[in-house]
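User: I'd like to walk through this fold with you, one question at a time. Could we put the model up and start with how the strands are arranged?

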Amino acid sequence: MTCLPRILFLLGVAALVGCSGGGSSAPPDPQVAAAVPNGTGQIAIQMAGTWEIRDAAVADSNLPTPLVPLNGTQVVLDGAKIVSIAGLSVARADLEAFLGTTLTLYVNQADGRKLFYGIATDRFATGGTRDKSALAGGSVNDASIAVEAFTSTQLDAASAELFTRSRYTLAKVGTAAPLGLAPEAASPEQRERLRAALRALFGG
């Protein structure tokens, strides 16, 4: 091989290496206890709007009678995050006010292709439980998002994790109309409404 062809060959190899490696790439998915269903999240859609849980089913659980996420529960997104579940705010400050404890994990993001939501609490130090819940969704088409949801409880550090993993579809039913309750409005009744809303989203 003469010098010129050899140089052109080496330049071609360098160009291929440059194209296949480096460059900008999408940020990694956040670490939550649920995974985006296979084959979804490939197309960009308008996620801002009101969505409704449909076709909910338990995929795996070690509970004798696991709770299925509640079909018909409405979830409002503003395009970048979940705003409310069943009319109740799921912002971090609101959740901490309602639950009466600090969250050890809070993830809430959407990018038009994928949706992630995760929360966790740890009350071991005060004799309570360690709990975590998460969902991960991927776009299917303009009107549906496939979701995997996960929720678990540990009674103490020596206990096995009691968990339920579910799957459902979020179907778009309208435009966004964010609703929520202010933290200072929390009452025992409203806390129970929030717990019911979270059970409706994650099962248990």
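User: How many bridges pair strand 1 with strand 2?

Analyst: A word on the source: this is a predicted model, where local features need pLDDT of at least 70, side-chain atom pairs count only at pLDDT 80 or more, and totals for chains, interfaces and linings use all residues. Residues are numbered from 1 along each chain as its sequence is written, and side-chain values use heavy atoms, with hydrogens and water left out. Strands are DSSP runs of E with at least two residues, helices are runs of H or I with at least four, both numbered from the N terminus, and two strands pair if DSSP finds at least two bridges between them. Strand 1 (residues 49-61) runs antiparallel to strand 2 (residues 74-77), and the number of bridges is four.

User: Which residue of strand 9 stands opposite Val58?

Analyst: Strand 1 also pairs with strand 9 (residues 162-174), in the antiparallel sense and over nine bridges. Strand 9 pairs with strand 8 as well, again antiparallel, over 10 bridges. There Ala149 has Ser166 of strand 9 opposite, and the residue opposite Val58 is Ser166.

User: How many residues of strand 8 are buried?

Analyst: Strand 8 forms a hairpin with strand 7, with two residues between them. Strand 7 (residues 130-141) and strand 8 pair in the antiparallel sense over 11 bridges, and Ala134 stands opposite Phe150 there. Buried means under 20% relative accessible area, exposed over 50% and partly exposed in between, with a 1.4 Å probe and protein chains only. Strand 8 is largely enclosed by the rest of the structure, because of its 11 residues the buried ones number 10.

User: What does the side chain of Ser144 join in a polar contact?

Analyst: Ser144 lies in strand 8 and is buried, at a relative accessible area of 12%. Contact means heavy atoms within 4.5 Å, and leaving out residues up to four places away in sequence, Ser144 touches Ile45, Trp51, Ser139, Thr169 and Leu170. A polar contact is a pair of N or O atoms within 3.5 Å; within protein, one must be able to donate a hydrogen and the other to accept it, and residues adjacent in sequence count only if both atoms are side-chain atoms. Here the distance is 2.9 Å, and the partner is the side chain of Asn141.

User: What arc do the buried residues of helix 2 cover?

Analyst: The buried residues of helix 2 are Asp94, Leu95, Phe98 and Leu99. The arc is that of the directions from the helix axis to the C-beta atoms. These residues lie on the same side of helix 2, because their arc is only 120 degrees.

User: How far apart in space are Gly100 and Arg191, C-alpha to C-alpha?

Analyst: Gly100 sits in the loop between helix 2 and strand 5, with a positive phi of about 75 degrees. Gly100 is exposed, at a relative accessible area of 60%. Gly100 and Arg191 are 91 residues apart in sequence, and their C-alpha distance is 9.2 Å.
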